[in-house]
Amino acid sequence: MDKPSIVKNIISSLEKSQWYTLDHMRDRQLTRLNHIISHTYETVPFYKAALEKANYCPELSITPEFLSTLPVFSREEIQSGQENTLRSTALQPDDYSYPIVTSGSTGIAVRLIGTFDTACYWQALSMREHYWHKRDFSKTLAAIRWAKRNEALPPLGETNSQWGNATEGIELTGASFFLNVASSIQSQLKWLQMINPHYLLSYPSQLKVLLNDIIEQKITLQNLLEIRSLGETVDSELRLLAINHNFKLTDIYSSEEVGIIAIQCPEYHNYHIQAENVIVEILDIHNQPCGIGDEGRVVLTSLHNFATPLLRYDIGDYAQFDNPCACGRVALPTLKKISGRKRNRIIYPNGESRFPYLGDREEYRQITTAVKKFQMIQHELNKVECKLVVDTPLSSDQKTRYANLIKKNLGNLFEIELTFHDDLPRQSNGKFEEFVSLIPSTIENINQTLMIE
Ligand SMILES: [Zn+2]
(Lines give C-alpha, C1' and ligand atoms only; values in the text may rest on other atoms or scores of the structure.)
Protein backbone atom coordinates (compact mmCIF):
# COMPACT_ATOMS: atom_id res chain seq x y z
CA MET A 1 0.00 0.00 0.00
CA ASP A 2 1.31 3.49 -0.78
CA LYS A 3 1.88 6.12 1.91
CA PRO A 4 -1.26 8.23 1.26
CA SER A 5 -3.44 5.10 1.52
CA ILE A 6 -1.82 4.12 4.82
CA VAL A 7 -2.20 7.67 6.15
CA LYS A 8 -5.87 7.67 5.12
CA ASN A 9 -6.36 4.42 7.06
CA ILE A 10 -4.76 5.97 10.14
CA ILE A 11 -6.98 9.06 9.74
CA SER A 12 -10.06 6.80 9.69
CA SER A 13 -8.91 4.96 12.81
CA LEU A 14 -8.23 8.30 14.56
CA GLU A 15 -11.77 9.41 13.76
CA LYS A 16 -13.04 6.44 15.76
CA SER A 17 -10.46 6.37 18.56
CA GLN A 18 -11.09 10.00 19.59
CA TRP A 19 -14.50 8.83 20.87
CA TYR A 20 -13.21 5.81 22.83
CA THR A 21 -13.62 5.63 26.57
CA LEU A 22 -10.49 6.47 28.54
CA ASP A 23 -10.17 2.81 29.64
CA HIS A 24 -10.35 1.62 26.05
CA MET A 25 -7.61 4.07 25.02
CA ARG A 26 -5.43 3.00 27.96
CA ASP A 27 -5.83 -0.66 26.94
CA ARG A 28 -4.70 0.26 23.43
CA GLN A 29 -1.73 2.20 24.77
CA LEU A 30 -0.75 -0.73 27.00
CA THR A 31 -0.80 -3.16 24.06
CA ARG A 32 1.39 -0.79 22.08
CA LEU A 33 3.70 -0.21 25.05
CA ASN A 34 4.14 -3.96 25.46
CA HIS A 35 5.45 -4.18 21.88
CA ILE A 36 7.72 -1.17 22.30
CA ILE A 37 9.19 -2.31 25.62
CA SER A 38 9.75 -5.88 24.46
CA HIS A 39 11.48 -4.59 21.32
CA THR A 40 13.47 -2.08 23.36
CA TYR A 41 14.61 -4.72 25.84
CA GLU A 42 15.83 -6.98 23.05
CA THR A 43 17.44 -4.40 20.76
CA VAL A 44 18.14 -1.04 22.43
CA PRO A 45 21.19 -1.13 24.74
CA PHE A 46 20.51 2.30 26.28
CA TYR A 47 17.47 1.08 28.25
CA LYS A 48 18.64 -2.46 29.10
CA ALA A 49 19.90 -1.75 32.63
CA ALA A 50 16.84 0.35 33.55
CA LEU A 51 14.44 -2.35 32.34
CA GLU A 52 16.32 -5.04 34.24
CA LYS A 53 16.32 -2.92 37.38
CA ALA A 54 12.53 -2.57 37.01
CA ASN A 55 12.36 -6.41 36.90
CA TYR A 56 11.12 -6.46 33.34
CA CYS A 57 10.33 -10.01 32.27
CA PRO A 58 10.09 -10.49 28.49
CA GLU A 59 7.84 -13.53 28.93
CA LEU A 60 5.18 -11.55 30.79
CA SER A 61 2.98 -8.66 29.70
CA ILE A 62 3.63 -5.42 31.52
CA THR A 63 1.10 -4.00 33.96
CA PRO A 64 -0.38 -0.49 33.57
CA GLU A 65 1.89 0.59 36.46
CA PHE A 66 5.10 -0.70 34.89
CA LEU A 67 5.99 2.52 33.06
CA SER A 68 6.08 4.49 36.31
CA THR A 69 8.72 2.12 37.72
CA LEU A 70 11.20 3.18 35.05
CA PRO A 71 13.48 6.16 35.65
CA VAL A 72 12.83 9.47 33.92
CA PHE A 73 15.44 10.26 31.26
CA SER A 74 16.51 13.87 30.83
CA ARG A 75 17.48 15.53 27.56
CA GLU A 76 21.04 15.65 28.85
CA GLU A 77 21.11 11.87 29.35
CA ILE A 78 19.66 11.26 25.91
CA GLN A 79 21.95 13.72 24.18
CA SER A 80 25.25 12.95 25.91
CA GLY A 81 26.79 10.75 23.25
CA GLN A 82 24.07 8.11 23.46
CA GLU A 83 22.98 8.19 19.85
CA ASN A 84 24.47 4.77 19.11
CA THR A 85 23.11 2.97 22.18
CA LEU A 86 19.68 4.57 21.66
CA ARG A 87 19.40 3.07 18.19
CA SER A 88 17.73 -0.31 17.83
CA THR A 89 20.17 -2.97 16.67
CA ALA A 90 17.28 -4.41 14.64
CA LEU A 91 17.01 -1.22 12.61
CA GLN A 92 17.30 -1.90 8.93
CA PRO A 93 18.06 1.17 6.88
CA ASP A 94 15.14 1.76 4.54
CA ASP A 95 13.98 4.46 2.20
CA TYR A 96 11.84 5.99 4.89
CA SER A 97 14.30 6.34 7.76
CA TYR A 98 15.16 9.96 8.35
CA PRO A 99 17.26 11.75 10.94
CA ILE A 100 15.52 13.76 13.65
CA VAL A 101 17.86 16.31 15.10
CA THR A 102 16.28 18.52 17.73
CA SER A 103 17.01 22.17 17.68
CA GLY A 104 18.76 22.08 21.02
CA SER A 105 18.26 25.54 22.52
CA THR A 106 20.91 24.51 25.04
CA GLY A 107 23.36 24.00 22.21
CA ILE A 108 23.50 20.21 22.21
CA ALA A 109 21.13 18.36 19.92
CA VAL A 110 19.24 15.12 20.53
CA ARG A 111 19.69 12.81 17.54
CA LEU A 112 16.98 10.26 16.80
CA ILE A 113 15.72 8.39 13.77
CA GLY A 114 12.26 8.71 12.31
CA THR A 115 10.63 5.86 10.42
CA PHE A 116 7.84 5.28 7.94
CA ASP A 117 5.49 4.70 10.88
CA THR A 118 6.40 7.94 12.69
CA ALA A 119 6.11 9.90 9.43
CA CYS A 120 2.66 8.44 8.72
CA TYR A 121 1.45 9.30 12.24
CA TRP A 122 2.83 12.82 11.96
CA GLN A 123 0.90 13.31 8.73
CA ALA A 124 -2.33 11.71 9.99
CA LEU A 125 -2.32 13.79 13.19
CA SER A 126 -1.58 16.96 11.19
CA MET A 127 -4.63 16.13 9.09
CA ARG A 128 -6.70 15.49 12.23
CA GLU A 129 -5.76 19.03 13.34
CA HIS A 130 -6.93 20.45 9.99
CA TYR A 131 -10.20 18.50 10.16
CA TRP A 132 -10.90 19.43 13.77
CA HIS A 133 -10.53 23.09 12.93
CA LYS A 134 -12.57 22.72 9.74
CA ARG A 135 -10.05 24.40 7.45
CA ASP A 136 -11.07 25.05 3.90
CA PHE A 137 -8.38 23.35 1.83
CA SER A 138 -9.18 25.46 -1.23
CA LYS A 139 -7.90 28.57 0.59
CA THR A 140 -4.34 29.91 0.77
CA LEU A 141 -1.80 29.44 3.52
CA ALA A 142 1.06 31.79 4.44
CA ALA A 143 3.90 30.61 6.64
CA ILE A 144 6.59 32.79 8.21
CA ARG A 145 9.11 30.30 9.51
CA TRP A 146 12.72 29.40 9.75
CA ALA A 147 14.57 29.01 6.44
CA LYS A 148 18.20 28.99 5.42
CA ARG A 149 19.82 32.41 5.24
CA ASN A 150 19.33 32.89 1.51
CA GLU A 151 15.99 31.18 1.07
CA ALA A 152 12.42 32.50 0.96
CA LEU A 153 13.52 36.10 1.20
CA PRO A 154 11.41 39.22 0.76
CA PRO A 155 9.90 40.82 -1.17
CA LEU A 156 8.35 37.67 -2.70
CA GLY A 157 9.35 34.71 -0.53
CA GLU A 158 8.48 31.34 -2.04
CA THR A 159 5.25 30.18 -3.63
CA ASN A 160 4.02 26.59 -3.84
CA SER A 161 0.95 25.28 -5.59
CA GLN A 162 -0.01 23.18 -2.51
CA TRP A 163 0.02 23.64 1.27
CA GLY A 164 2.81 21.13 1.89
CA ASN A 165 3.72 17.72 3.30
CA ALA A 166 0.78 17.21 5.66
CA THR A 167 -1.90 17.42 2.99
CA GLU A 168 0.12 15.76 0.23
CA GLY A 169 -1.76 12.84 -1.30
CA ILE A 170 -4.67 13.38 1.12
CA GLU A 171 -6.38 16.64 0.13
CA LEU A 172 -6.05 18.98 -2.83
CA THR A 173 -5.30 22.44 -1.53
CA GLY A 174 -4.86 26.01 -2.58
CA ALA A 175 -1.46 27.67 -2.86
CA SER A 176 0.92 28.33 -0.01
CA PHE A 177 3.40 31.14 0.51
CA PHE A 178 6.52 31.04 2.61
CA LEU A 179 8.70 33.82 3.98
CA ASN A 180 11.92 33.58 5.96
CA VAL A 181 11.29 34.54 9.59
CA ALA A 182 14.64 36.32 9.65
CA SER A 183 13.26 39.03 7.34
CA SER A 184 12.32 42.41 8.77
CA ILE A 185 8.87 43.00 10.24
CA GLN A 186 8.16 45.72 7.70
CA SER A 187 8.93 43.37 4.81
CA GLN A 188 6.75 40.69 6.42
CA LEU A 189 3.86 43.13 6.70
CA LYS A 190 4.22 44.20 3.08
CA TRP A 191 4.38 40.56 2.00
CA LEU A 192 1.23 39.71 3.98
CA GLN A 193 -0.67 42.60 2.42
CA MET A 194 0.47 41.51 -1.03
CA ILE A 195 -0.60 37.85 -0.72
CA ASN A 196 -3.57 38.48 1.59
CA PRO A 197 -3.69 34.87 2.89
CA HIS A 198 -6.61 32.99 4.45
CA TYR A 199 -4.42 31.20 7.00
CA LEU A 200 -1.25 32.49 8.62
CA LEU A 201 1.23 30.20 10.38
CA SER A 202 4.20 31.34 12.49
CA TYR A 203 5.89 31.25 15.88
CA PRO A 204 4.11 32.91 18.83
CA SER A 205 6.92 35.43 19.40
CA GLN A 206 6.69 36.47 15.75
CA LEU A 207 2.90 36.61 15.74
CA LYS A 208 2.93 38.88 18.78
CA VAL A 209 5.09 41.45 17.00
CA LEU A 210 3.14 41.11 13.75
CA LEU A 211 -0.29 41.43 15.36
CA ASN A 212 0.78 44.46 17.36
CA ASP A 213 2.01 46.14 14.19
CA ILE A 214 -1.06 45.10 12.19
CA ILE A 215 -3.27 46.67 14.86
CA GLU A 216 -1.10 49.74 15.32
CA GLN A 217 -0.73 50.46 11.61
CA LYS A 218 -4.41 49.62 11.00
CA ILE A 219 -3.47 47.06 8.36
CA THR A 220 -6.40 45.06 7.03
CA LEU A 221 -5.93 41.48 5.88
CA GLN A 222 -9.40 40.96 4.49
CA ASN A 223 -9.08 37.25 3.75
CA LEU A 224 -7.57 36.21 7.05
CA LEU A 225 -9.64 33.44 8.69
CA GLU A 226 -7.25 32.00 11.24
CA ILE A 227 -3.80 32.42 12.72
CA ARG A 228 -1.94 29.23 13.57
CA SER A 229 1.01 29.02 15.92
CA LEU A 230 3.61 26.39 16.58
CA GLY A 231 7.10 25.86 17.93
CA GLU A 232 7.00 28.07 21.03
CA THR A 233 4.74 28.67 23.99
CA VAL A 234 1.67 30.84 23.48
CA ASP A 235 1.54 33.20 26.43
CA SER A 236 -1.44 35.05 27.84
CA GLU A 237 -0.38 38.27 26.09
CA LEU A 238 -0.74 36.70 22.65
CA ARG A 239 -4.03 35.02 23.59
CA LEU A 240 -5.46 38.31 24.83
CA LEU A 241 -4.23 40.17 21.78
CA ALA A 242 -6.01 37.66 19.54
CA ILE A 243 -9.22 37.69 21.59
CA ASN A 244 -9.37 41.49 21.89
CA HIS A 245 -8.94 41.97 18.14
CA ASN A 246 -11.05 39.04 16.92
CA PHE A 247 -8.29 36.94 15.44
CA LYS A 248 -8.92 33.21 15.65
CA LEU A 249 -5.70 31.76 17.09
CA THR A 250 -5.03 28.02 17.07
CA ASP A 251 -1.92 26.51 18.59
CA ILE A 252 -0.34 23.09 18.24
CA TYR A 253 2.03 21.43 20.73
CA SER A 254 4.59 19.29 18.99
CA SER A 255 8.22 18.32 19.24
CA GLU A 256 10.76 17.06 16.82
CA GLU A 257 11.39 14.04 19.06
CA VAL A 258 7.85 12.58 19.15
CA GLY A 259 5.86 14.62 16.64
CA ILE A 260 2.46 15.96 17.57
CA ILE A 261 1.83 15.88 21.32
CA ALA A 262 -1.38 17.89 21.73
CA ILE A 263 -3.86 19.73 19.53
CA GLN A 264 -6.25 22.48 20.54
CA CYS A 265 -9.80 21.27 21.06
CA PRO A 266 -12.08 22.45 18.25
CA GLU A 267 -14.70 23.50 20.78
CA TYR A 268 -12.93 24.54 23.98
CA HIS A 269 -9.72 26.34 24.97
CA ASN A 270 -7.68 23.34 26.02
CA TYR A 271 -5.31 20.99 24.24
CA HIS A 272 -6.10 17.31 23.66
CA ILE A 273 -3.16 14.96 24.12
CA GLN A 274 -2.71 12.76 21.05
CA ALA A 275 -2.95 9.57 23.06
CA GLU A 276 -2.68 7.34 19.98
CA ASN A 277 0.84 8.71 19.45
CA VAL A 278 2.29 9.45 22.86
CA ILE A 279 1.84 8.83 26.58
CA VAL A 280 2.12 12.13 28.43
CA GLU A 281 2.95 12.25 32.12
CA ILE A 282 3.24 15.47 34.14
CA LEU A 283 5.56 15.00 37.08
CA ASP A 284 6.56 17.09 40.06
CA ILE A 285 10.10 17.58 41.29
CA HIS A 286 9.98 14.20 43.07
CA ASN A 287 8.85 12.48 39.85
CA GLN A 288 5.37 11.96 41.27
CA PRO A 289 2.30 12.57 39.05
CA CYS A 290 0.85 16.08 39.27
CA GLY A 291 -2.87 16.54 39.82
CA ILE A 292 -5.16 18.50 37.53
CA GLY A 293 -4.07 22.14 37.44
CA ASP A 294 -0.67 21.51 39.05
CA GLU A 295 2.26 22.55 36.94
CA GLY A 296 4.97 19.97 36.35
CA ARG A 297 7.49 18.61 33.86
CA VAL A 298 6.24 16.99 30.67
CA VAL A 299 7.51 13.41 30.36
CA LEU A 300 6.83 11.58 27.10
CA THR A 301 6.78 7.98 25.90
CA SER A 302 6.56 7.60 22.15
CA LEU A 303 4.26 4.82 20.93
CA HIS A 304 5.55 4.58 17.37
CA ASN A 305 9.29 5.02 17.25
CA PHE A 306 10.86 1.54 17.14
CA ALA A 307 14.12 2.86 15.64
CA THR A 308 15.10 5.07 18.59
CA PRO A 309 12.49 4.43 21.27
CA LEU A 310 11.81 7.18 23.79
CA LEU A 311 10.61 5.97 27.18
CA ARG A 312 9.82 8.48 29.94
CA TYR A 313 11.68 11.28 28.18
CA ASP A 314 11.71 14.59 30.06
CA ILE A 315 11.40 16.97 27.15
CA GLY A 316 12.11 20.04 29.25
CA ASP A 317 8.66 21.68 29.00
CA TYR A 318 6.25 22.47 31.82
CA ALA A 319 2.49 21.97 31.56
CA GLN A 320 -0.71 21.35 33.54
CA PHE A 321 -3.41 18.72 33.06
CA ASP A 322 -6.98 19.94 32.71
CA ASN A 323 -10.31 18.27 33.52
CA PRO A 324 -11.83 15.89 30.94
CA CYS A 325 -13.11 18.00 28.07
CA ALA A 326 -16.82 18.70 27.69
CA CYS A 327 -16.54 18.00 23.96
CA GLY A 328 -16.66 14.30 24.80
CA ARG A 329 -13.17 13.27 23.65
CA VAL A 330 -12.40 11.74 27.05
CA ALA A 331 -9.93 9.26 25.52
CA LEU A 332 -7.68 12.20 24.72
CA PRO A 333 -6.78 13.77 28.09
CA THR A 334 -6.36 17.51 28.16
CA LEU A 335 -3.66 20.04 28.92
CA LYS A 336 -4.76 23.37 30.31
CA LYS A 337 -1.57 25.20 29.63
CA ILE A 338 1.91 24.61 28.25
CA SER A 339 4.37 26.92 29.95
CA GLY A 340 7.68 26.64 28.17
CA ARG A 341 11.10 25.44 29.09
CA LYS A 342 12.99 25.29 32.33
CA ARG A 343 15.47 27.88 31.07
CA ASN A 344 12.54 30.27 30.56
CA ARG A 345 11.87 30.27 34.32
CA ILE A 346 13.34 33.00 36.48
CA ILE A 347 15.26 31.89 39.55
CA TYR A 348 14.71 34.04 42.62
CA PRO A 349 17.52 34.92 45.02
CA ASN A 350 16.11 32.38 47.52
CA GLY A 351 16.38 29.63 44.88
CA GLU A 352 12.69 29.38 43.97
CA SER A 353 11.80 29.41 40.31
CA ARG A 354 8.74 30.25 38.23
CA PHE A 355 7.76 31.55 34.83
CA PRO A 356 8.23 35.31 35.14
CA TYR A 357 5.54 37.89 34.58
CA LEU A 358 7.13 40.20 32.03
CA GLY A 359 4.41 42.83 32.12
CA ASP A 360 1.72 44.38 30.00
CA ARG A 361 2.93 45.80 26.70
CA GLU A 362 0.67 48.85 27.11
CA GLU A 363 2.40 49.81 30.37
CA TYR A 364 5.73 49.83 28.57
CA ARG A 365 4.28 51.73 25.64
CA GLN A 366 3.13 54.49 27.98
CA ILE A 367 6.82 55.12 28.69
CA THR A 368 7.99 54.79 25.08
CA THR A 369 6.88 53.33 21.77
CA ALA A 370 10.48 53.20 20.52
CA VAL A 371 11.13 49.63 21.70
CA LYS A 372 10.71 47.19 18.82
CA LYS A 373 12.09 44.05 20.38
CA PHE A 374 13.26 42.89 23.79
CA GLN A 375 14.83 39.91 25.49
CA MET A 376 15.62 39.43 29.17
CA ILE A 377 18.62 37.42 30.30
CA GLN A 378 19.18 36.46 33.92
CA HIS A 379 22.94 36.33 34.39
CA GLU A 380 23.05 36.29 38.16
CA LEU A 381 20.66 35.48 40.99
CA ASN A 382 19.95 39.15 41.56
CA LYS A 383 20.55 40.63 38.12
CA VAL A 384 18.58 40.63 34.86
CA GLU A 385 19.78 42.21 31.63
CA CYS A 386 17.06 43.55 29.34
CA LYS A 387 18.28 43.75 25.76
CA LEU A 388 16.39 46.28 23.68
CA VAL A 389 16.13 47.15 20.01
CA VAL A 390 14.86 50.73 19.64
CA ASP A 391 14.11 52.92 16.64
CA THR A 392 14.89 56.15 18.51
CA PRO A 393 17.17 56.51 21.55
CA LEU A 394 15.54 56.56 24.99
CA SER A 395 15.99 59.58 27.26
CA SER A 396 17.58 58.92 30.64
CA ASP A 397 14.18 59.43 32.28
CA GLN A 398 12.62 56.83 29.96
CA LYS A 399 15.45 54.42 30.69
CA THR A 400 14.93 54.76 34.42
CA ARG A 401 11.17 54.33 34.20
CA TYR A 402 11.53 51.38 31.83
CA ALA A 403 13.99 49.61 34.11
CA ASN A 404 11.81 50.32 37.15
CA LEU A 405 8.76 48.85 35.42
CA ILE A 406 10.66 45.66 34.59
CA LYS A 407 11.91 45.53 38.15
CA LYS A 408 8.35 45.84 39.49
CA ASN A 409 7.00 43.16 37.11
CA LEU A 410 9.74 40.73 38.10
CA GLY A 411 8.94 41.21 41.78
CA ASN A 412 11.32 44.00 42.87
CA LEU A 413 14.09 41.51 43.57
CA PHE A 414 16.45 42.11 40.70
CA GLU A 415 18.81 44.78 39.54
CA ILE A 416 17.87 45.62 35.93
CA GLU A 417 20.44 46.55 33.33
CA LEU A 418 19.23 47.90 29.97
CA THR A 419 21.45 47.28 26.96
CA PHE A 420 20.81 48.41 23.39
CA HIS A 421 21.32 46.33 20.25
CA ASP A 422 20.87 46.65 16.48
CA ASP A 423 18.95 43.39 16.44
CA LEU A 424 18.20 40.38 18.65
CA PRO A 425 18.67 37.37 16.44
CA ARG A 426 16.55 34.25 16.68
CA GLN A 427 18.04 30.89 17.57
CA SER A 428 19.37 28.84 14.69
CA ASN A 429 15.99 27.04 14.49
CA GLY A 430 14.04 30.29 14.11
CA LYS A 431 12.67 30.33 17.64
CA PHE A 432 12.93 33.24 20.03
CA GLU A 433 12.79 33.27 23.82
CA GLU A 434 11.73 36.45 25.59
CA PHE A 435 13.23 35.34 28.89
CA VAL A 436 16.26 33.13 29.42
CA SER A 437 17.85 32.26 32.74
CA LEU A 438 21.53 31.36 32.55
CA ILE A 439 21.68 30.33 36.21
CA PRO A 440 22.71 26.67 36.50
CA SER A 441 19.69 24.58 37.48
CA THR A 442 21.59 23.10 40.46
CA ILE A 443 21.05 26.39 42.27
CA GLU A 444 17.34 26.03 41.93
CA ASN A 445 15.68 25.32 45.25
CA ILE A 446 13.66 22.16 45.68
CA ASN A 447 10.74 24.27 46.88
CA GLN A 448 9.54 25.29 43.47
CA THR A 449 6.48 27.46 43.45
CA LEU A 450 3.57 27.39 41.10
CA MET A 451 3.32 29.96 38.40
CA ILE A 452 1.17 32.93 39.22
CA GLU A 453 -0.65 34.63 36.40
ZN1 LIG B 1 -12.36 18.94 23.68
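Analyst: Start with D251. Leaving aside neighbours within four places in sequence, D251 is in contact with S229, V234 and Q264. Contact requires C-beta atoms, placed from the backbone, to lie within 7 Å. This is a predicted model: local features need pLDDT of at least 70, side-chain atom pairs count only at pLDDT 80 or more, and totals for chains, interfaces and linings use all residues. Residues are numbered from 1 along each chain as its sequence is written.

User: What makes D251 count as buried?
Analyst: The cut-offs come first. Buried takes 20 or more other C-beta atoms within 10 Å of a residue's own; exposed takes 12 or fewer; partly exposed is in between. D251 has 21 C-beta neighbours inside 10 Å, so it counts as buried. D251 lies in strand β9 (residues 249-255). A strand is a DSSP run of E, at least two residues; a helix is a run of H or I, at least four; both are numbered from the N terminus.

User: Why is T63 called exposed?
Analyst: T63 has 10 other C-beta atoms within 10 Å, so it is exposed. T63 sits in the loop between α3 (45-53) and β1 (73-74). The C-alpha atoms of T63 and N287 are separated by 19 Å, and the two are 224 residues apart along the chain.

User: How do you know that the length of α6 agrees with expectation?
Analyst: Expected span is 1.5 Å times one less than the number of residues. Helix α6 (residues 116-132) has 17 residues, so it should span 24 Å; its end C-alpha atoms are 24 Å apart, which agrees. K134 follows α6 and has a positive phi, near 50°.

User: How does the reach of α2 compare with what is expected?
Analyst: Helix α2 (residues 22-43) has 22 residues. From first C-alpha to last, α2 reaches 31 Å, close to the 32 Å expected.

User: What makes the buried residues of α2 line one face?
Analyst: The buried residues are M25, Q29, L33, I36, I37 and T40. Seen down the axis of α2, they fall within an arc of 100°, so they line one face of the helix. The arc is that of the directions from the helix axis to the C-beta atoms. An α-helix has 3.6 residues a turn, so residues three or four places apart point the same way. On the other side of α2, D23, T31, H35 and E42 are exposed. The cover over the buried residues of α2 includes α1 (3-17), α3 and β12 (278-283).

User: Why are β20 and β21 said to stand at the edges?
Analyst: The open sheet has 4 strands in the order β20-β19-β18-β21, with mixed pairing. β20 (415-420) and β21 (435-437) each have a single partner strand, so one side of each is left without a neighbour in the sheet. The twist averages 20° from one strand to the next.

User: What shows that β18 and β19 pair?
Analyst: Pairing needs at least two bridges found by DSSP. Strand β18 (residues 371-380) and strand β19 (residues 383-390) have 8 bridges, in the antiparallel sense. The bridge partner of F374 is L388, in β19.

User: Where do the two domains come from?
Analyst: Their bounds come from an automatic or database domain assignment. The assignment gives domain 1 (3-124 + 253-342) and domain 2 (346-443). Their centres, taken over C-alpha atoms, are separated by 34 Å.

How values were computed
Axes are lines fitted to C-alpha atoms, for helices over the stretch in contact, and angles run from 0 to 180 degrees between N-to-C directions. Two residues are in contact if their C-beta atoms, placed from the backbone, lie within 7 Å.
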